[in-house]
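Good morning, and thank you for coming.

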Amino acid sequence: MIDPVEEFKKHTGDVVPLPTAVPGNTPIYQTASETGHRALWVVFVIMLISSLAFYIMAFRVPVQKRLFHILTAFITTFATISYFAMAVGDGVGKNKITIKHTQKHFPDTYDVVYREVYWARYVDWSLTTPLLLLDLCFLAGLNGASILVAVVADLIMILTGLFAAFQVDESPKWGWYAMACIAYLVVVYQLALNGRATAMQKDNKTATFFAAIGGFTFILWTVYPIIWGIADGSRNINVDAEIIAYAVLDILAKPVFGFWLLFTHDNMANSASIDGFWANGLGKEGTLRIGDDDEGA
C-alpha cells in the first residue's frame with residue numbers, strides 16, 4: 001500500500017518549516033538609555049565650564065586681542081545650549097525606517113524601526129563649525145575669498161548630513177552622505193592647502209602651531225562621518241554608543257581645541273591685535289552723516 005505522506009515527501013523534497021515569528025508585527029525602538037542621558041549631562045557641564053573659562057580669559061586681555069577668545073567662547077556656548085536641549089529631550093526626533101526582508105518561500109516581511117535622531121546636534125554643528133573654521137582661518141591669515149568658500153562648504157556639509165539622518169530610503173540617504181563628504185573635502189582643501197601655504201609665510205612658530213592644531217582638527221573631523229556611517233547611516237551601533245562617540249569628539253574638538261588655541265596664542269609675541277571698529281566702534285571717521293552738503297554746492 002502506498003503511503004501518501006511518503007510520496008509527498010519524495011515529490012516535494014524537504015519541507016521548509018513555517019516561521020514561528022513574523023517580523024514587522026512589533027515596531028523596534030532604538031533610543032538612548034540612562035547611560036546615554038548621563039553622557040549628555042556630563043558634556044553639558046564640561047561645555048558650560050569651558051565657556052565660563054573662555055569668557056574669563058577674554059576679559060584678561062585687551063579688547064584688541066580678544067578675537068580668538070570670543071570666537072572660541074561662542075563655540076562652547078552654542079554647544080552648551082545644544083547639549084542641554086538633547087539632555088532634556090527637546091533636541092531629539094525619531095526617524096521611521098522600514099526594513100524589507102525578502103523570503104524565498106514566503107511573502108516579504110517588514111521591520112519598522114524608530115531611531116532617535118538628535119537634530120540639535122546638527123544645529124550645534126551649523127553654528128560652531130563655521131566659528132571653529134574662522135579660528136583656523138584667522139590664525140593662518142587666509143584671504144576672505146577662501147574663508148567664504150570654506151564656511152559655505154562647511155554649512156553644506158552639515159545640512160546634507162541632517163537631510164541624510166532623516167532620510168528613510170537607503171539610496172537617497174547615502175546620496176546626501178556623499179554630498180556631505182564632497183563638501184568636507186572642499187573644506188580640507190581650503191585649510192590644508194591654502195591655509196597651510198598662507199601660514200608658512202608667517203613666522204615659524206605660527207606656521208608650526210597652525211600645522212599642529214589644524215591637523216588635530218581635521219583628524220577629529222574625519223572621524224565624525226565615520227561615526228555617522230555606522231550610527232545613523234547603517235545603524236550598526238546603538239544610540240548610547242553614538243552619543244558617547246560624538247561626546248568624546250565634541251570635547252576634543254571644542255574645549256580641548258579652545259584651551260590649546262588660546263593658551264598658545266596668548267603666549268605668542270606677535271598675537272593678532274585688531275583696532276578700528278572691533279576695538280573702538282564707529283568713531284568720527286566711520287559715522288554716517290545725512291544732510292551735509294559739500295562746500296560750494
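How many aromatic pairs does the count come to? Before the answer, a word on the model itself. This is a predicted model, in which local features need pLDDT of at least 70 and side-chain atom pairs count only at pLDDT 80 or more, while totals for chains, interfaces and linings use all residues. Residues are numbered from 1 along each chain as its sequence is written, and side-chain values use heavy atoms, with hydrogens and water left out.

The answer is 16 aromatic pairs. The rule is that rings of Phe, Tyr and Trp (for Trp, the six-membered ring) pair if their centres lie within 6.5 Å; planes under 30 degrees apart count as stacked, over 60 as edge-to-face, and the rest as tilted. In general, a pair of aromatic rings is described by the distance of the centres and the angle of the planes.

One of these pairs is formed by phenylalanine 44 and phenylalanine 84; it is tilted, with 5.4 Å from centre to centre and 50° between the planes. This pair links distant parts of the chain, since phenylalanine 44 is in helix H2 and phenylalanine 84 in helix H3, 40 residues apart. Helices here are DSSP runs of H or I with at least four residues, strands are runs of E with at least two, and both are numbered from the N terminus.

Phenylalanine 44 has a relative accessible area of 16%, so it is buried. Phenylalanine 84, at 39%, is partly exposed.

A further pair, phenylalanine 216 with tryptophan 260, is edge-to-face: the centres are 5.5 Å apart and the planes make an angle of 75°. Phenylalanine 216 lies in helix H7 and tryptophan 260 in helix H8, so this pair ties together parts that are 44 residues apart in sequence. Tryptophan 260 is partly exposed because its relative accessible area is 30%. There is also an aromatic cluster, formed by Tyr122, Trp125, Tyr224 and Tyr246.

Let us now consider the chain as a whole. It holds nine helices and three strands, and from the N terminus on the order is α-β-α-α-β-β-α-α-α-α-α-α. The chain has 297 residues, and 40% of them count as buried. A contact means heavy atoms within 4.5 Å. Of the contacts between residues at least 6 apart in sequence, 78% join residues at least 24 apart.

Next comes the interior. A nonpolar core is a set of buried Ala, Val, Leu, Ile, Met, Phe, Trp, Tyr and Cys residues joined through side-chain atoms within 4.5 Å. The largest such core has 48 residues, and Leu191 and Trp221 touch the most other members. Several helices each supply at least two residues of this core, including H2, H3, H7 and H8. Apart from it lies another core, of 16 residues, with Ala39, Tyr83, Ala120 and Ala247 among them. Leucine 191 touches, among others, Leu133, Leu136, Phe210 and Phe218, if residues up to four places away in sequence are not counted.

I turn to helix H7. It has 30 residues and reaches 42 Å from its first C-alpha to its last, close to the 44 Å expected at 1.5 Å a residue; the expected span is 1.5 Å times one less than the number of residues. At its start, a side-chain oxygen of aspartate 203 reaches to within 3.2 Å of the backbone nitrogen of lysine 205. Just after H7, arginine 235 takes a positive phi of about 60°.

Within H7 we find threonine 217. Why does threonine 217 count as buried? Threonine 217 is buried because its relative accessible area is 3%. A polar atom of its side chain lies 2.8 Å from the backbone oxygen of isoleucine 213. Beyond residues up to four places away in sequence, threonine 217 touches Leu132, Leu136 and Phe257.

Finally, serine 82 has its place in helix H3. Its relative accessible area is 6%, so serine 82 is buried. A polar atom of its side chain lies 3.2 Å from the backbone oxygen of alanine 120. By contrast, isoleucine 56 in helix H2 has a relative accessible area of 52%, and is therefore exposed. Thank you for your attention.

Methods. Buried means under 20% relative accessible area, exposed over 50%, partly exposed in between (1.4 Å probe, protein chains only). A polar contact is a pair of N or O atoms within 3.5 Å; within protein, one must be able to donate a hydrogen and the other to accept it, and residues adjacent in sequence count only if both atoms are side-chain atoms.
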